[in-house]
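Here are a few friendly notes to read alongside the model. Please keep the structure open as you go through them.

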Amino acid sequence: MMGWTLGLYFFRRYAAITAWFFIGIYALVFLIDFTEFSSRTSGLPNFTFLTALSVSALRVPMIIQQTVPFVALFAAMATLISLNRKYELVIARAAGISAWQFLLPACVGALLFGVITVGVLNPLAAHGLSRSQLLETDIRSGSSNEVSAFDAPWIHQKANGVDTIIGARAILNQGLELSDAVFFTIDQKGEIAERKDAKRAFLRDGYWELVDVTLFRNGERGEALATDRVPTNLKPEFVQERLAEPETIPFYKLPSKIEVAQSFGLRANAFAMQFHSLMALPLLLVAMTLIAATVSMKFARMGQSTTMILGGVVAGFLLYVVSVLVKAFGNAGFVPPVVAAWFPVVVAMFFGVTFLLYREDG
């Protein structure tokens, strides 16, 4: 049996390499995001260097969260290759320690890495993404309000017998605040009777509160209003399920959001998919570690085979692509979110364990 001293040594090596990979990718992503964001917004009147720096710093944690499976994969491969090149795995095998025993510290490290990502990084990333959207909206505010530029989904409501179609350039505060919003009032003939452009729109109890409004009637620009109200029967839970990005909601708030949305008869597939994906993330990192082990544990005198390492990278990439693809099916409701989140993890675990059993135990 492998002793605690050797186990802790392997664990520390894995943790140190993982930390360096994480820091390196974080710095690289920050530089790329800041450069790209600055090039797109530097010509806007509200652009400042510090604001752009803040936007990138706030949203990088969410981008990093998407790269965590690859960090785990590369860290595990680098750890095992390093131990092999220093003959440490060779000595461990000669001492009668099986592959499963010296893989255990790396698997435990991957599991802890996943738990920290879900429990610490995800809430920080969700809060940072929401704040970055506010700052980015301030930079872009007023640059254009063309309807064709709206990327957010449209909402149709009917309140007090009046049909209204609502769109916005940006969705803030988990769907309860709209930036550069537009409200089209439809008459009984199905034509646009009135249009209201608002710099901000807030969902209140029974109405939308519009701020800095421009009113259009009969295709002509009307008066400018400081504030205005549009009656609504929309519930916050419906608006959040329809508009809010699941990534902006911290992990620990997702169960309550799902429960409330379902109580209103909403399916909440996107929220459920996000919740189960985060639940499965620690085991996904363990699966990545097992995939790394299938190509990194064989001793080679002159270093690891490039083909084998490339095979591990491709296998990890395919697992990630399958996870994203199945997640899209879960968001659309074609596959139950639980199945969509856990199926790639289970398949990868079986693949890694089966390959290692065949190689190590015959």
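1. Aromatic rings come first: rings of Phe, Tyr and Trp (its six-membered ring) pair if their centres lie within 6.5 Å, and planes under 30 degrees apart count as stacked, over 60 as edge-to-face and the rest as tilted. One aromatic cluster is formed by Phe21, Phe70, Phe74, Phe317 and Tyr320.

2. A word on the basis: this is a predicted model, where local features need pLDDT of at least 70, side-chain atom pairs count only at pLDDT 80 or more, and totals for chains, interfaces and linings use all residues. Residues are numbered from 1 along each chain as its sequence is written, and side-chain values use heavy atoms, with hydrogens and water left out.

3. The pairing rule gives 12 aromatic pairs. Phe30 and Phe34 are stacked because their ring centres are 6.3 Å apart and their planes at 10 degrees. Both lie in helix α1 (residues 4-41), four residues apart; helices are DSSP runs of H or I, at least four residues, numbered from the N terminus.

4. By contrast in geometry, Phe329 and Phe334 form an edge-to-face pair, 6.3 Å centre to centre with 70 degrees between the planes.

How values were computed. Helices (H or I, at least four residues) and strands (E, at least two) are DSSP runs, numbered from the N terminus.
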